[in-house]
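User: I have a model open and want a quick tour. Can you walk me through it?

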Amino acid sequence: CYTTDTKSREENKKTVESLHRLSVDIKKIRRLKEWVLLQDVAYVKEIAGILQEMGADETTVANILERCPEAILHTPAEINSQRALWQLVCQNEKQLIKLIEQFPESFFTTEYHENQKANILFFQELGLKNNIITRFLTSAPNIFYNPVEKNKNLIETLQRNYLNLGGSDANMKIWILKLLSQNPFILLNTSTVIQENLEFLQKNDFTDHEVLQLLSKLKGFIFQLTPTTMQKSMLFSQNVFKCSDQELKQLVLKCPALLYYSVPVLEERLEGLLKEGISVSQIRETPMVLELTTQIVQYRIKKLSALGYDIKSGTLESLNGTKKDFEVNYGKIQSKKERPIFNPVAPINIED
């Protein structure tokens, strides 16, 4: 254990000297996490030694300790245990050291070691591939701090609901693994939240099949919402598009963003589109355009206008999709514009 109480304390000279010898930028640590330098006990040489054993060169060691100086406050035994744990899912130590350099805070959080181990083994049993688990360890480390029972209960709740909504036993495992891969933060929710959100959709006349469809389209992000926020977003869309409950339902199925984004976000995006001269009826026809930020929409309209494409009189389909989708559409419009008109029956002029 270490304290962040730094009042009337002096820097540990031995720690500072050891870090200096490793070419670590002391000024950076003083600026960001000075409290680390004030601790009575630190394991600078030992932690650097373990990292070097794993294949880290001098620059990498210095980089790791600058980004996560609290690493030196852990005992060598703790770090070796963490090393063995991460090796369960890493191909080799080269990959491990690369991950530590990119995500040092995730690796040097050792307080939940037993929970981390139990969860790694549980995810492996569930069928998640090791490369997905390493992605979780680095990008969503919090899910490993949960007791494994909590994660198990949540997965069971998802499985039970999937079957109740008409999903098949044969597809359930693939569905769960895909959902987790897309959004591991689902596991930070509670079973109650999951239940409440699914019930909200059913109360709003979405059929079981449609609810499953929304779960897949929203990649599980629906569980990070609340019935209140979803209700507000739906009411906003209904007022804007002046549609019936049934029509609204179809719009949401076409564009789940209408359910996912909050009213201020939808309002801002709608205003941005209207300022560009796009009509509400055009947006209703292609609601997916609300998934894009105002800046992206402006950039795409500008590019299309340069080709002489009038977005006000045309369809919004050409604005839609990912960056890659847009570039493909843009390329098609561009080549169509540049291609000379060829008349197959026109006589060919041959000069003598």
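Analyst: Start with helix 11, residues 169-182. At 1.5 Å a residue, its 14 residues should span 20 Å, and its end C-alpha atoms are 21 Å apart, which agrees. The expected span is 1.5 Å times one less than the number of residues. Helices here are DSSP runs (H or I, at least four residues), and they are numbered from the N terminus.

User: What should I know about the model itself and the numbering?

Analyst: This is a predicted model: local features need pLDDT of at least 70, side-chain atom pairs count only at pLDDT 80 or more, and totals for chains, interfaces and linings use all residues. Residues are numbered from 1 along each chain as its sequence is written, and side-chain values use heavy atoms, with hydrogens and water left out.

User: Which residues of helix 11 are buried?

Analyst: Met-172, Trp-175, Ile-176, Leu-177, Leu-179, Leu-180 and Ser-181. Buried means under 20% relative accessible area, exposed means over 50%, and partly exposed is in between (1.4 Å probe, protein chains only).

User: And what covers them?

Analyst: The cover includes helix 8 (113-126), helix 9 (130-139), helix 10 (148-164) and helix 13 (208-217).

User: Take helix 13, then. What is buried there?

Analyst: Glu-210, Val-211, Leu-212, Leu-214 and Leu-215. They pack against helix 10, helix 11, helix 12 (191-203), helix 15 (245-254) and helix 16 (257-260). Contact means heavy atoms within 4.5 Å. After helix 13 comes Lys-219, with a positive phi near 55 degrees.

User: Where else is phi positive in a residue other than glycine?

Analyst: Ser-23 has phi near 65 degrees. Ser-23 sits in the loop between helix 1 (13-21) and helix 2 (26-33). Asp-205 has phi near 70 degrees. Its loop runs between helix 12 and helix 13.

User: How exposed are Ser-23 and Asp-205?

Analyst: Ser-23 is at 44% relative accessibility, so it counts as partly exposed. Asp-205 is at 57%, so it counts as exposed.

User: Switching to aromatics. How many pairs are there?

Analyst: The whole structure has 10 aromatic pairs. Rings of Phe, Tyr and Trp (its six-membered ring) pair if their centres lie within 6.5 Å; planes under 30 degrees apart are stacked, over 60 edge-to-face, and the rest tilted. Take Phe-107 and Phe-108: their ring centres are 5.0 Å apart and their planes are at 85 degrees, so the pair is edge-to-face.

User: Are Phe-107 and Phe-108 buried or exposed?

Analyst: Phe-107 is buried, at 0% relative accessibility. Phe-108 is buried too, at 3%. Another edge-to-face pair is Phe-123 with Phe-136, at 6.0 Å centre to centre and 85 degrees between the planes. This pair links distant parts of the chain: Phe-123 is in helix 8 and Phe-136 in helix 9, 13 residues apart.

User: What about burial for Phe-123 and Phe-136?

Analyst: Phe-123 is at 0% relative accessibility and counts as buried. Phe-136 is buried, also with 0%. Ring pairs join Phe-122, Phe-123, Phe-136 and Phe-144 into a cluster.

User: Now the holes. What volume does the largest pocket have?

Analyst: About 420 Å³. On a 1 Å grid over the protein atoms alone, a pocket is an open set of points with protein on both sides within 12 Å along at least five of seven lines; a cavity is a set where a 1.4 Å probe fits but cannot get out; lining residues have an atom within 4 Å of a point. Points are joined across faces, edges and corners, and a volume is the space filled by probe spheres set on them.

User: Which residues line the pocket?

Analyst: There are 15, and Lys-217, Lys-219, Ala-257, Tyr-261 and Glu-291 lie nearest its centre. The lining divides into eight nonpolar, three polar and four charged residues. Ala, Val, Leu, Ile, Met, Phe, Trp, Tyr, Cys and Pro count as nonpolar, Asp, Glu, Lys and Arg as charged, and the others, Gly among them, as polar.

User: And cavities? How many of 30 Å³ or more?

Analyst: One. The largest cavity has a volume of about 40 Å³. Its lining is Phe-236, Ser-237, Val-240, Phe-241, Leu-258, Leu-266, Leu-270 and Leu-290. Helix 14 (227-241) and helix 17 (263-275) each give two or more of these residues. By class, the cavity lining has seven nonpolar, one polar and no charged residues.
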